[in-house]
Amino acid sequence: MATANPFQSALSQLEKALGLLQLAPHIVAELKKPRHIHEFTIPVLMDDGSRQVFTGYRVQYNDARGPFKGGIRYHPKTNLHEVKALAAWMTWKCAIVDIPFGGGKGGVIVDPKKLSKGELERLSRGWVREMYRNIGPDIDVPAPDVSTNPMIMGWMVDEYSRMVGSWQPATFTGKPVELGGIPVREYSTARGGLIVVEELVKKMKLKPAKTTVAVQGFGNVGYFIAEMLHDAGFKVIALSDSQGGILAKNGKSMDPRNVMKSKKERGMIHGCYCVGSVCDCENYTAITNEKLLQLPVDLLVPAALENAITKENMRKVKAKAILEMANGPLTPEADEYFFKRKIPVIPDFLANAGGVAGSHLEWVQNRQGVLWSDKEVLQKLDNKMREAFASMWNAAEKHTTDLRTGAYVVAVERVAKAIQAKGA
């Protein structure tokens, strides 16, 4: 993350909510610290016969409402402060969507692009061997995160099951479908974002067909949220990836499927909009990521980078509303600026909570040995997201505060009540 100590940022956001709640000092103290911090080494046999030692982490932040829950990221710049912050945010994310999980996060300091498939598998199984005593369906349920995926979760659940002597699919979520994963998990994060946008436009009295959208980021989340918004009738007029993007000068909605096809063929999002072999370069033009953020759209969706909108560029943003699909795309200064201008910002830990809501449904199915249809899964997920949006909105209005703080108030209060209910 861009800040020197992201955990301090997480605590500052928490403090703002705590100022609106009357909580006992011992509960406040518990909310500010992780329950457990695991740091360990993972020796890995490399393909050339040498051994390399990697550093692994697992921060188990709070389990008052249920097993710790959170992803495992592989990144060369992963560090303990980052993992602690992400574990705290997972605690509030699970609480705002009201699922019976706490918060956790894991990581390994590694550049996975430099490992062969075999080395990656040995690293992943090594992580499990170090942590298997401290994870499990009722203890801690990891999932994919940055640079990890269903294949890696498959290796991990297999290793865990070998270690404990029985098949335990509910220990990991985000698994391959063949191992108990659910098909909708690939796009459940974006689906959750779509649902909260639909609720937001009702509050703003906007109509989808007249609501213009710009999406920064064309990875898994950015692509799917753009596709879903387009299919729901919104006017997606700008899209971008890390190299730049495309703008519809005529204001017509672009089908993200066609843009993705161009990206795969050319290696980038092209300045022209192509449908099959026909390309329109007159009504569509190339645009930088910086300019995309400044477009006068109804809805801006930062779905790529942390700290995309800061005090340096926040005054150039002309959107009427912002949906944070990336983690931390707005700095606190930008947050405060948009609140004063009455521009609603749907915070990341609600906007992208569809992923963990989908993970919970995968965990429930694995625990119960049942298999729901995609339609049933999406209906349950949609209901969770609508209820969470209403809780956030009502809390923000009650306390006359921004939506992020409103969401924090709901989430923190739920965790605090669980701590209090347990006594101790």
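The model is predicted, so to speak of local features requires pLDDT of at least 70 and side-chain atom pairs count only at pLDDT 80 or more, while totals for chains, interfaces and linings use all residues. Residues are numbered from 1 along each chain as its sequence is written, and side-chain values use heavy atoms, with hydrogens and water left out.

The C-alpha trace spans about 60 × 55 × 45 Å along its principal axes. Of the 424 residues, 57% are buried (under 20% relative accessible area, 1.4 Å probe, protein chains only). Among contacts (heavy atoms within 4.5 Å) with a separation of 6 or more, 68% link residues 24 or more positions apart.

Turning to secondary structure, the protein holds 14 helices and 14 strands, which are DSSP runs numbered from the N terminus (helices: H or I, at least four residues; strands: E, at least two). Seven of the strands form an open sheet with mixed pairing, in the order 11-8-7-6-12-13-14; two strands pair if DSSP finds at least two bridges between them. Strand 11 (284-287) and strand 14 (345-346) each have a single partner strand, so one side of each lacks a neighbour in the sheet. Strand 6 (residues 212-216) runs parallel to strand 7 (residues 235-241), and 5 bridges join them. Alanine 214 has alanine 238 of strand 7 as its bridge partner.

Note on methods
Buried means under 20% relative accessible area, exposed over 50%, partly exposed in between (1.4 Å probe, protein chains only).
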